[in-house]
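Q: Could we go through this model together, one part at a time? I would like to start with a detail of the backbone.

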Amino acid sequence: MAFIKAGFLASLPYLAAFIGVIASGYISDMLVKKGSSLGMARKTPIITGLLLSIAIIGANFVEKPTWVILFMTLAFLGNGLASITWVFVSTLAPKDLVGLTGGIFNFIGNLASIVIPIVIGYLVKGGNFAPAITFIAGLGLIGAVSYIFLVGKVERITD
């Protein structure tokens, strides 16, 4: 593959993630303006994005780089859509604990950014990335199911 083509293809997933991040806020705000509940408006891009991120598993079943990039692009778009989770800090946290809530939110996210690469390193130690890709797709599914069944009404915590 030519250097220029490889560079262009490698940029597509990141461009899709960028579009997903912007689109998630736009879609969420549009749903609020159209009268959707705050919970529905905030959860819809997240759940849609997490379900779309499962597309990464398709990379396990193709060999051509362009197909791998396609599945990565869909998954990165989904990841971008799901990134609106930060909105819950300002929406749910008690007004006098927004800073603490944001700090804990960041702590958990950063803890995951420490643990997940270690798990992936263990999963790919034999040189096969299929288990790691399957693991990541599974996390997307668990996340979507969690938002569907565990995250209740979206309203500020007052006590």
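**Backbone, helix and pocket**

A: This is a predicted model, and just after H1 the residue Gly35 takes a positive phi of about 100 degrees.

Q: How many residues does H1 have, and how far does it reach?

A: Helix H1 covers residues 3–33, which is 31 residues, and from its first C-alpha to its last it reaches 45 Å, close to the 45 Å expected at 1.5 Å a residue.

Q: Where in H1 is the kink?

A: The kink lies at Leu12, shortly before the proline Pro13, and amounts to about 30 degrees. Pro13 is also one of the buried residues of H1, which include Leu9, Ala16 and Gly20, and what covers the buried residues of H1 includes H2 and H3.

Q: Changing topic, where is Ile56 found, and why does Ile56 count as buried?

A: Ile56 is found in the loop between H2 and H3, and it counts as buried because its relative accessible area is 11%, while the cut-off for buried is under 20%.

Q: Which residues does Ile56 touch, leaving out those up to four places away in sequence?

A: Ile56 touches Phe71, Met72, Ala75, Ile133, Ile136 and Ala137.

Q: And what about the largest pocket, what is its volume?

A: The largest pocket has a volume of about 1200 Å³, and of the 30 residues that line it, the closest to its centre are Leu50, Asn79, Ala82, Ala112 and Leu139.

Q: Which helices supply at least two residues of that lining?

A: Helices H2, H3, H5 and H6 each do, and the lining residues divide into 20 nonpolar, 10 polar and no charged.

Methods:
Residues are numbered from 1 along each chain as its sequence is written. This is a predicted model: local features need pLDDT of at least 70, side-chain atom pairs count only at pLDDT 80 or more; totals for chains, interfaces and linings use all residues. Side-chain values use heavy atoms; hydrogens and water are left out. On a 1 Å grid over the protein atoms alone, a cavity is a set of points where a 1.4 Å probe fits but cannot get out, and a pocket is an open set with protein on both sides within 12 Å along at least five of seven lines; lining residues have an atom within 4 Å of a point. Grid points are joined across faces, edges and corners, and a volume is the space filled by probe spheres set on the points. Helices (H or I, at least four residues) and strands (E, at least two) are DSSP runs, numbered from the N terminus. Ala, Val, Leu, Ile, Met, Phe, Trp, Tyr, Cys and Pro count as nonpolar, Asp, Glu, Lys and Arg as charged, and the others, Gly among them, as polar. The expected span of a helix is 1.5 Å times one less than its number of residues. The bend at a residue is the angle between axes fitted to the seven residues ending there and the seven starting there. Buried means under 20% relative accessible area, exposed over 50%, partly exposed in between (1.4 Å probe, protein chains only). Contact means heavy atoms within 4.5 Å.
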